[in-house]
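Open the model in your viewer and keep the selection panel at hand.

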Amino acid sequence: MPNPKILVVDDDALLRDLMVDILDDCTVVIANDGLDGLQRYRDEGPFDVVVSYLEMPGGNGPDMIRAIRKHCPTQPILLISGNPLLLEKAQTELGVRVMGKPFETIYQFNEAVRQLVSNGRLVRT
């Protein structure tokens, strides 16, 4: 089975680089904001998982997720934010897995992505 292909969308270069390092055995495509993420999704997809920060200038996570879901309703998505109220709202409205920032452990982030990869592959086969 090929390495999972992950789209990581975040305007914070340090966090984006950390996520890429954690996912070192994956093929990772990075984007700087929701608009860039949507363009990369269209140009370089399909992806096993999309990981996105919630609030970004230049196109936010929820707008990008809605556009992705129009194209692929079953796309596994992990949404990240430091605001628990916004995460809860996004989880309810968008039906995505959410994770608070900062991560409790690197393992927590890695495991969340791996679970989404496994679940997504089961849905698509």
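Helices (H or I, at least four residues) and strands (E, at least two) are DSSP runs, numbered from the N terminus. This is a predicted model: local features need pLDDT of at least 70, side-chain atom pairs count only at pLDDT 80 or more, and totals for chains, interfaces and linings use all residues. Residues are numbered from 1 along each chain as its sequence is written, and side-chain values use heavy atoms, with hydrogens and water left out.

**The sheet**

Select the strands. An open sheet of 5 strands runs in the order β2-β1-β3-β4-β5, with parallel pairing. Two strands pair if DSSP finds at least two bridges between them. Now pick β2 (27-31) and β5 (97-100): each stands at an edge with a single partner strand, so one side of each has no neighbour in the sheet. From one strand to the next, the twist averages 20°. (Axes are lines fitted to C-alpha atoms, for helices over the stretch in contact; angles run from 0 to 180 degrees between N-to-C directions.)

Zoom to β4 (residues 77-81). It pairs with β5 in the parallel sense over 4 bridges. Ile-80 stands opposite Met-99 in β5.

**Helices on the sheet**

Contact means heavy atoms within 4.5 Å. Next, show α3, which lies across β1, β3 and β4 and runs at about 160° to β3.

**Leu-116**

Move to helix α5 (residues 106-124) and select Leu-116. Is Leu-116 buried or exposed? At 11% relative accessibility, Leu-116 counts as buried (under 20% relative accessible area; exposed is over 50%, partly exposed in between; 1.4 Å probe, protein chains only). Leaving aside residues up to four places away in sequence, Leu-116 touches Val-49, Pro-76, Ile-77, Leu-78 and Arg-97.

**The largest pocket**

Finally, select Leu-54, Glu-55, Pro-62, Arg-66, Leu-86, Lys-89, Ala-90, Glu-93 and Leu-94, which line the largest pocket. α3 (61-71) and α4 (84-94) each supply at least two lining residues. The largest share, 5 residues, comes from α4.

Technical notes: 1 Å grid on protein atoms, 1.4 Å probe; cavity = no way out; pocket = protein on both sides within 12 Å on 5 of 7 lines; lining within 4 Å.
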